Amino acid sequence: MQKPLKLLAATAGLIALPTLGLAQEADTTPVNADIGFIFTTFMFLVTGFLVFFMAAGFAMLEAGLVRSKNVTMQLTKNMALFSLASLFYYILGYNLMYPGDAWSIDGILGAFSITSLEPVGLEGAEPDLTYASVGSDFFFQLMFCAATASIVSGALAERIKLWPFLAFVIVLTAVIYPIQASWKWGGGFLDAMGFQDFAGSTVVHSVGGWAALMGAIILGPRIGKYKDGRTVPMPGSNLALATLGTFILWMGWFGFNGGSQLYMDTAGNVSDISRIFANTNTAAAAGGVTALILTQLLYKKPDLTMILNGSLAGLVSITAEPLTPTLISSTLIGAVGGMIVVFAVPFLDKLKIDDVVGAVPVHLFAGIWGTIAVVFTNDAASLGTQLYSIVVVGVFVSVSSAVVWYILKLTTGIRVSEEDEINGLDMSELGMEAYPEFSKG
Amino acid sequence: MKLIIATIKPFKLEEVREALTTAGVRGMMVTEIKGFGSQSGHTEIYRGAEYAVNFVPKIKLEVVVSASMADEVVATIVNTAQTGKIGDGKVFVLDVTQAVRVRTGETNEDAL
């Protein structure tokens with residue numbers, strides 16, 4: 001309460017008595033050296049809540065693509081996973097990912113400590129004025145960690161038990177994600193090698209994708225999904241929600257990629273952020289258009305769910321390098337992402353890997369493509385290092401995820417009973433339905 | 001008295017209702033149904049996987065009229081519901097042995 005009052009007094013003074021020169025009032029004009037800090041912090045807060053809103057996008061996309069008997073459960077998992085990620089990222093994740101000089105094993109394993117913010121009003125603190133406040137940086141980075149967990153929930157929908165899934169989310173957000181992210185973004189060994197991943201095609205999206213893929217393989221497909229060598233479609237309950245979710249994700253991505261510029265203290269940085277916004281949008285559009293045209297050509301009718309996946313794949317593809325491409329390169333990078341989705345979705349079905357919302361094609365396959373595509377526009381990237389990093393992160397996340405999934409499978413079990421799955425997780429695990437008006441009873 | 005059961009394409013319902021009331025029919029029962037006949041089903045593709053739509057949505061009409069009106073009612077339904085394309089539906093005519101109006105207890109043709 002104190003701050004607004006002081007501000008109000010100062011403002012009133014300025015308006016009412018401009019000529020009196022209120023020497024006794026504190027001068028609230030920012031010090032020149034603070035301006036960069038202020039703008040960058042502000043940028044993190046704005047782009048951070050854009051990325052936050054992606055949680056709503058994932059929730060709506062997944063609610064729309066599961067059958068109506070599993071909608072409440074899918075929404076429950078999305079609420080719970082975001083909240084758990086928020087807690088465990090501060091308890092363990094943040095300092096594990098950004099250890100500064102306090103590495104436990106240099107360049108490989110970060111610091112084990114709880115996150116602490118600057119004191120109120122920066123009292124007695126000496127903030128790094130060339131960057132941003134710790135609070136804004138933590139808030140922004142947390143959203144990326146939560147997005148990684150959101151990717152997993154869609155792939156495993158309609159058959160995984162709630163609590164084992166949440167246990168996996170805790171390990172993923174507290175340990176697996178932060179450790180591999182420290183290798184690049186925390187200044188670890190992949191960063192030292194020159195690995196380029198601007199906003200996380202690998203660090204975020206492929207990581208979510210690998211964890212989802214391992215989960216989907218160990219969990220097995222939904223009952224009745226693959227019958228006599230054929231794939232049985234299980235259409236989603238609400239494509240309006242799925243479309244809304246996709247547009248929300250698309251919007252959130254401006255924060256995801258734009259904020260990853262990490263600085264808004266010079267004209268050059270602001271201009272770069274604008275460039276990133278434009279490239280990000282272009283890649284999403286190209287991915288969507290590609291999926292629209294390809295499904296028309298392959299299946300005689302456009303498939304909305306593929307168009308939604310296509311635009312998201314375009315976004316994932318541009319995420320590793322949204323700054324250096326031209327609009328034309330962004331178009332091509334996004335278009336290849338859209339193409340990957342259209343072919344990868346039936347390909348996974350051939351392998352009998354049941355990914356309900358297409359998370360693996362969108363986040364893993366397009367993520368790998370995006371990470372490779374950096375070399376086309378950014379001279380600082382080398383193909384060898386990009387591939388090496390994709391493999392290192394892939395092996396680490398796959399193995400650690402698989403171990404956690406297997407431990408959960410052997411202890412608590414990860415799959416609901418056959419009867420519960422047929423009746424739907426909403427009634428069997430939660431006892432409430434998303435659309436009770438339409439129930440048969 | 002005759003019971004006329006007709007399956008028609010859903011979008012034809014309003015037209016058929018109008019034609020029948022003009023012809024003097026004073027009541028009908030309507031049900032949304034699914035089924036197949038010679039139109040059979042068709043296949044669609046969802047996320048790259050083909051699936052069969054075995055049952056097609058139809059509307060079932062049930063009309064009870066006096067025997068003297070039956071032929072006219074059948075002709076009206078056929079003329080109105082016809083598009084000439086496969087899946088226009090079918091009409092069946094059955095004998096009705098008794099009818100009672102619940103409110104008054106009137107029976108048979110008086111109850112229609």
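Mentor: In this predicted model, helix 4 of chain A, residues 134-155, packs against helix 5 of chain A, residues 162-184. Their axes lie 10 Å apart and meet at an angle of about 135°. Because angles over 145 degrees would be needed for roughly antiparallel, that value makes helix 4 of chain A oblique to helix 5 of chain A. The crossing of helix 4 of chain A and helix 5 of chain A is right-handed.

On the side of helix 4 of chain A, the contact is made by Cys145(A), Thr148(A), Ala149(A) and Val152(A). Helix 5 of chain A contributes Val169(A), Leu172(A), Thr173(A) and Tyr177(A). By class, the residues of this contact are 6 nonpolar and 2 polar, with no charged residue.

As for the setting, chain A has 15 helices and 2 strands. Its radius of gyration is 23 Å, close to the 22 Å that the globule rule gives for 441 residues, so chain A is as compact as a globular protein of that length. Along the principal axes, the C-alpha atoms of chain A fill a box of roughly 85 × 50 × 45 Å. Of the 441 residues in chain A, 51% are buried. Among contacts in chain A between residues at least 6 apart in sequence, 78% join residues at least 24 apart.

Notes. Residues numbered from 1 in each chain as written. Chains lettered and ligands numbered in written order. Predicted model: local features only at pLDDT ≥ 70, side-chain atom pairs only at ≥ 80, totals over all residues. Helix = DSSP H or I, 4+ residues; strand = E, 2+ residues; numbered from the N terminus. Rg over C-alpha atoms; globule rule 2.2 N^0.38 Å. Buried ≥ 20, exposed ≤ 12 C-beta atoms within 10 Å, placed from the backbone. Contact = placed C-beta atoms within 7 Å. Axes fitted to C-alpha atoms, helices over the stretch in contact; angles between N-to-C directions. Parallel < 35°, antiparallel > 145°, perpendicular 65-115°, else oblique. Left-handed = near helix turned anticlockwise from the far one by under 90°. Nonpolar A, V, L, I, M, F, W, Y, C, P; charged D, E, K, R; others polar.
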